[in-house]
Amino acid sequence: MDSTTVKVRQEEDASEQMEILHDGQGGRKHKRVVFTAKSANRNAGKRAKNYLRSKVRMLNWIGHYNLEWGINDVIAGITLGLTIIPESIACALLAGLPARYGLCSAFVGPFIYLFFGSIDKVIIGPTSLVALVSVQFTVGKPLEFAFMLTFLSGIVQLIMSGLRMGFIFEFISMPVIKAFSSATAVLVIESQLKVLLGIKYLVSGFIESVKTLFSRYSESSSGDLIMGVCAIVFLVLFELLEKLATRRNINKTVATVCRYLSFSRNTLIVVITAIISYIWLLSEPQVPYVLSMNALSGLPNLTLPAFTIEAPEKTYTFWEMVADMNVGIIVIPVVGILTNLSIGKLTPKGMVDTNHELLTLGMCNIFGSFFQAMPSSGAFTRYAISTACGLKSPMANLYSGIIVLLALAFLSPYFNYIPEATLAAILICSIFTLLDFKLPLRLWRESKRDFAIWVLCFIVCILCGVEVGLFVSIIVNVAHLLFLWARPEVSVKIQEMDEMQYILVTAGNGIYFPAINYLRAKVLKAATQAEFQIPIVIDCHKVTGLDFTAAQGFVKLAGGLRREEDDESEENRGGEVLLILYRLEVSLQKMIDNADNLVYCEGQEKLREFLTQESLRNGFINLKEHIRASIDLGYKIDIKVDS
């Protein structure tokens with residue numbers, strides 16, 4: 001049979017063509033869409049553009065950038081840059097590193113995040129939380145261990161992103177994150193008390209550190225204590241200026257000045273105390289408090305992290321470094337991404353692409369390791385400042401990074417005049433906001449289980465380390481979720497329909513192999529209590545999934561729904577209880593094998609039909625009184641009348 005192809009639509013710029021096939025008599029057979037080469041190229045270009053936008057997130061907002069955004073971002077970026085400088089120095093000292101290595105983290109990460117970041121108000125840099133965890137794996141080791149830890153953290157984050165493992169972080173609940181943050185705040189504050197007192201010691205563990213602090217309290221320096229207390233008072237008073245700026249009756253100009261003085265409080269206290277130290281040293285050989293030292297001048301060199309380290313005591317190979325850092329190469333990436341995700345959930349959208357954020361943070365750490373940076377991430381303190389400054393886009397990372405670069409290039413020699421007690425005060429005041437004891441009080445009233453998880457995470461983090469506490473809490477959360485799958489909510493009650501009784505069983509969520517025996521036990525117990533006299537109806541409208549084991553479990557359940565005395569008699573098959581799977585999806589029904597007393601139904605009319613049929617069979621319905629109902633249901637009923 002001959003056929004001809006007729007083009008019914010063809011435009012010069014059309015992305016597709018439609019062809020209609022005719023048979024020899026002119027009758028239309030069928031139509032099909034034919035994509036031209038131009039259309040294919042256009043679609044390929046569109047896919048490439050979408051892929052590029054999904055990776056380089058800057059392309060999604062740079063087209064909408066305007067003057068208003070630019071002004072806000074410049075103000076926020078400069079303010080954040082001035083804030084991040086003293087914070088970075090303090091975090092470096094907390095991690096046991098010279099000041100410049102904290103600043104290296106504060107300029108590399110922001111430049112990367114500018115192009116790839118997906119959370120507007122995240123400013124990348126060192127954080128006290130990451131620094132505190134990092135020092136546990138690099139303490140007593142050469143400096144190169146810190147850079148290798150940064151590099152390996154980035155590699156792990158890239159691998160997790162490539163394997164689409166972001167879903168793992170959905171197992172970390174809000175009580176766990178809050179307990180983790182509060183415990184970290186306690187640990188950081190405790191670690192800085194010795195700095196405020198001017199006592200030098202290095203021990204591991206919260207308990208040992210507290211014991212050492214009390215045993216060596218007599219060695220404390222009044223100079224460091226006075227400097228630290230004065231710095232804390234200054235920071236607290238300037239923080240109150242922000243609240244003053246929110247009053248309605250205050251002048252707008254005064255409010256703006258108060259707000260930005262409050263934002264710059266960390267920089268101001270560093271500048272003031274550094275000037276005091278400089279003037280003091282002009283007339284005296286030394287100051288009565290400890291100064292931060294080893295602040296090298298100049299920009300860092302671009303180089304790969306050392307894969308072999310020659311230290312005076314021994315030579316470390318790459319695998320020896322990995323073995324020494326142990327679980328640190330997993331813990332640091334997790335801690336870093338957790339902060340970013342927590343900040344992302346505080347934004348108006350509240351949604352974060354975890355896999356993309358892992359990719360971005362991984363690149364920040366890998367490139368940071370080339371500039372001798374410590375591990376970095378976002379920080380809650382910087383998020384609070386960026387929100388108050390009206391930050392509009394990640395462009396603020398650019399200005400923040402430039403400020404830090406300028407500080408590295410021209411101000412590094414002056415970092416040696418900053419008192420360590422001042423940096424300790426900055427850390428204490430900035431991380432104090434992470435202490436949240438209102439949440440556990442609320443959880444105690446509303447959710448005892450979440451309260452127990454909060455307490456467990458907090459105590460384990462304090463006593464055994466934050467990485468152990470985080471791991472234990474995740475295990476507990478996962479175990480609870482597994483328990484919910486193994487022991488789903490199952491409701492069992494007696495129902496009536498047209499005076500016909502049946503046992504209604506409502507199962508929630510998916511029924512998988514850990515839960516099927518639990519469901520069977522519930523149903524069999526109810527059937528036994530009813531003496532196997534009435535049908536079982538399992539309402540499956542909430543059941544979204546079923547596996548092979550569970551499907552076979554329904555068949556076994558049907559086989560178990562009969563009186564024990566009926567098992568030995570073939571003629572008493574009428575003793576079997578009917579099992580009705582009500583509103584079970586057809587796709588799931590196919591997995592269940594056939595059974596004599598197992599049926600399916602979708603609506604109430606069909607359910608009424610099955611119940612009536614069972615009542616007739618069991619003699620619970622008087623045929624003479626219900627003959628009309630039986631005829632309506634389509635049953636043929638023979639009634640024998642005695643003559």
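This is a predicted model: local features need pLDDT of at least 70, side-chain atom pairs count only at pLDDT 80 or more; totals for chains, interfaces and linings use all residues.

Entry 1: I looked up the strands first. Five strands form an open sheet, and their order is 6-7-8-9-10. The pairing is mixed. Helices (H or I, at least four residues) and strands (E, at least two) are DSSP runs, numbered from the N terminus. Two strands pair if DSSP finds at least two bridges between them. Strand 6 (490–497) and strand 10 (598–601) stand at the edges with a single partner strand each, so one side of each has no neighbour in the sheet. From one strand to the next, the twist averages 25°.

Residues are numbered from 1 along each chain as its sequence is written, and side-chain values use heavy atoms, with hydrogens and water left out.

Entry 2: In which sense do strand 6 and strand 7 pair? They are antiparallel, over eight bridges, with strand 7 covering residues 500–507. Q495 stands opposite Y502 in strand 7. Helix 21 (residues 513–529) packs on the sheet and touches strand 6, strand 7 and strand 8 (536–539). Contact means heavy atoms within 4.5 Å. The direction of helix 21 makes about 40° with that of strand 6. Axes are lines fitted to C-alpha atoms, for helices over the stretch in contact, and angles run from 0 to 180 degrees between N-to-C directions. Helix 22 (residues 548–560) lies across strand 8, strand 9 (579–582) and strand 10. Helix 22 runs at about 145° to strand 9.

**Entry 3: helices 3 and 17.** Helix 3 and helix 17 pack at an angle of about 100°, with their axes 9 Å apart. They are therefore roughly perpendicular (65 to 115 degrees). Residues in helix 3 including P86, I89 and L93 meet residues in helix 17, among them L423, I426 and S430. By class, this contact has nine nonpolar, one polar and two charged residues. Ala, Val, Leu, Ile, Met, Phe, Trp, Tyr, Cys and Pro count as nonpolar, Asp, Glu, Lys and Arg as charged, and the others, Gly among them, as polar.

Entry 4: How many cavities of 30 Å³ or more does the structure hold? I found four. On a 1 Å grid over the protein atoms alone, a cavity is a set of points where a 1.4 Å probe fits but cannot get out; a pocket is an open set with protein on both sides within 12 Å along at least five of seven lines; lining residues have an atom within 4 Å of a point. Grid points are joined across faces, edges and corners, and a volume is the space filled by probe spheres set on the points.

The largest cavity holds about 180 Å³. Its lining has 17 residues, and T127, S128, A379, F380 and T381 are the closest to its centre.

The largest pocket has a volume of about 1200 Å³. Of its 48 lining residues, L93, L94, V135, K194 and L202 are the closest to its centre. Helix 7 gives the largest share of this lining, six residues.

The second largest pocket has about 830 Å³ of space. Helix 15 gives the most to its lining, with six residues.

Terms used: Angles under 35 degrees count as roughly parallel, over 145 as roughly antiparallel, 65 to 115 as roughly perpendicular and the rest as oblique.
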